[in-house]
Amino acid sequence: MDKVIVSGLLIIASITAAVMTISIIVPGLGSNSESIVRTNRIASDLASTGLNGLTAESVGGSGVTISAWFKNVGSIDVEPISAIDVFLLTEDRQGGRYIPFSDTPIASDSWVVDQPSDSNVWARGETLQIRLTLDPINPISPGTYMVSLKTPNGISADISFEYAETPLPTTPPTPTPMPTA
């Protein structure tokens, strides 16, 4: 009879231990699966984002305005466009400056979207044209530069371009009249 009571108590203790173990482990599994799903979604966004830098050029010859074109070659849209980070770097990447977004050009460093106009979404397959306006007091000097663009999820693309000052027009020499004999 003692063996039956001891066996009954051991069975009850085993069931209690199993229920406690399950009640502790199951919530942890649920949060881990949410974490795995979130990580997979982030990895999918990174793998689906692709950029190509097409071209950049200094406009106007003063070293204050730069136009750059990038293509979204990924399979997802990039949004919002205003969250994109833009940097103007020297060729060796040892120097440069961050250019903040602005809806309209301002006197200090800023960039605006020229194309696509009236949109805050950079759709896949679409070309983005941006215009950097630098502080007129601090234009770029002649040399090679890079426009670097970084999306909100960390994908980046660079475009190199050369800047050379536009020479001032020279006036032709004035002919000196020859004395007549």
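1. Helices (H or I, at least four residues) and strands (E, at least two) are DSSP runs, numbered from the N terminus.

2. The model is predicted: local features need pLDDT of at least 70, side-chain atom pairs count only at pLDDT 80 or more, and totals for chains, interfaces and linings use all residues. Residues are numbered from 1 along each chain as its sequence is written, and side-chain values use heavy atoms, with hydrogens and water left out.

3. Of the 181 residues in the protein chain, 27% are buried (under 20% relative accessible area; exposed is over 50% and partly exposed lies in between, with a 1.4 Å probe and protein chains only). Among contacts (heavy atoms within 4.5 Å) between residues at least 6 apart in sequence, 59% join residues at least 24 apart.

4. Tyr98 lies in strand S4 (residues 96–99) and is partly exposed, with a relative accessible area of 42%. Leaving aside residues up to four places away in sequence, Tyr98 touches Asp85, Val86 and Phe87. The C-alpha atoms of Tyr98 and Val86 are 6.2 Å apart, although 12 residues separate the two along the chain. The side chains of Tyr98 and Asp85 are joined by a polar contact of 3.3 Å (a pair of N or O atoms within 3.5 Å; within protein, one must be able to donate a hydrogen and the other to accept it, and residues adjacent in sequence count only if both atoms are side-chain atoms).
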